Amino acid sequence: MAMSTIEKLYQRYRVSIFRYLYRMGGDYHLADELTQETFCRALVSLKNFRGESALSTWLFRVAYYVYTGYLRSRPGDRYLPLSRDIPDVNRAGDPVRYLEDAENWRLVRLALEQLPLDYRTVIILREQEGFSFEEIGDILGKSPATARVTLFRARQKFHQLYKQLEGDEHDQV
């Protein structure tokens, strides 16, 4: 494969792969490192790509395996903490609303952080990356029906965790 083709592939999918890995782990530098690793592995494995799925789906599968491999190399870290950004109230038009929105996003991040890896993955791929159930199934190595059921269960667990976190926040006030 010509170098220009590889460069085009990288330019086209780099941001999406980075965004996925960043949302999975919440660490900018780790996401950048894992994005590079994803494309290195994809480059080596590209000759094995059979075209049974879209190239983007295949790349996300590689990214998923790179991420899970990273987690396996860190046995003490079952889940990586997602970033907890402190809102900049000076940039907000309505500081109270901005803080409320920031608090909601903080709870969303905390709930996502506590989800099992497959649940977090399927939510991010479906809700934030817009993949179909067929594509998600391909990425996770499961059937589309299993991807659909996993998303249903992931949403249930997410809502349960979110409500629990929301309740904990109100109890502390």
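1. **Ground rules.** The model is predicted, with local features needing pLDDT of at least 70 and side-chain atom pairs counting only at pLDDT 80 or more, while totals for chains, interfaces and linings use all residues. Residues are numbered from 1 along each chain as its sequence is written, and side-chain values use heavy atoms, with hydrogens and water left out.

2. **Overall make-up.** The protein chain has 7 helices and 0 strands, in the order α-α-α-α-α-α-α from the N terminus. Here helices (H or I, at least four residues) and strands (E, at least two) are DSSP runs, numbered from the N terminus. Of its 173 residues, 39% count as buried, where buried means under 20% relative accessible area, exposed over 50% and partly exposed in between, with a 1.4 Å probe and protein chains only. Among contacts (heavy atoms within 4.5 Å) with a separation of 6 or more, 69% join residues 24 or more positions apart.

3. **Helix 3 itself.** Helix 3 is largely enclosed by the rest of the structure, because 13 of its 18 residues are buried.

4. **Helix 2 against helix 3.** Axes are lines fitted to C-alpha atoms, for helices over the stretch in contact, and angles run from 0 to 180 degrees between N-to-C directions. The crossing of helix 2 with helix 3 is right-handed, that is, the near helix is turned clockwise from the far one by less than a right angle, anticlockwise being left-handed.

5. **Who meets whom there.** From helix 2 come Leu30, Leu34, Glu37, Thr38, Phe39, Arg41, Ala42 and Ser45, facing Trp58, Leu59, Val62, Ala63, Tyr65, Val66, Tyr67 and Tyr70 of helix 3. By class, this contact has 12 nonpolar, 2 polar and 2 charged residues. For these classes, Ala, Val, Leu, Ile, Met, Phe, Trp, Tyr, Cys and Pro count as nonpolar, Asp, Glu, Lys and Arg as charged, and the others, Gly among them, as polar.

6. **Thr35 in helix 2.** Do have a look at Thr35, which lies in helix 2. Thr35 counts as buried because its relative accessibility is 1%. Setting aside residues up to four places away in sequence, Thr35 touches Arg14, Ile17, Phe18 and Leu21.

7. **Helix 3 against helix 5.** The axes of helix 3 and helix 5 (residues 117–128) come within 12 Å and cross at roughly 150 degrees. That makes the pair roughly antiparallel, and helix 3 passes helix 5 in a right-handed crossing. Phe60, Tyr64, Tyr67, Thr68 and Leu71 of helix 3 make the contact with Leu117, Asp118, Arg120, Thr121 and Leu125 of helix 5. These residues divide into 6 nonpolar, 2 polar and 2 charged.

8. **Helix 5 against helix 6.** Here the axes come within 10 Å and cross at roughly 140 degrees, so helix 5 and helix 6 are oblique to each other. This crossing is right-handed. Asp118, Thr121, Val122, Leu125 and Arg126 of helix 5 meet Phe133, Ile136, Ile139 and Leu140 of helix 6, giving 6 nonpolar, 1 polar and 2 charged residues.

9. **Ile136 in helix 6.** Finally, Ile136 is found in helix 6 (residues 133–140) and, at 0% relative accessibility, counts as buried. Apart from neighbours within four places in sequence, Ile136 is in contact with Val122, Leu125, Arg126, Phe131 and Ala147. Ile136 and Thr57 are 79 residues apart in sequence, yet their C-alpha atoms are 7.7 Å apart in space.

Terms used
Angles under 35 degrees count as roughly parallel, over 145 as roughly antiparallel, 65 to 115 as roughly perpendicular and the rest as oblique.
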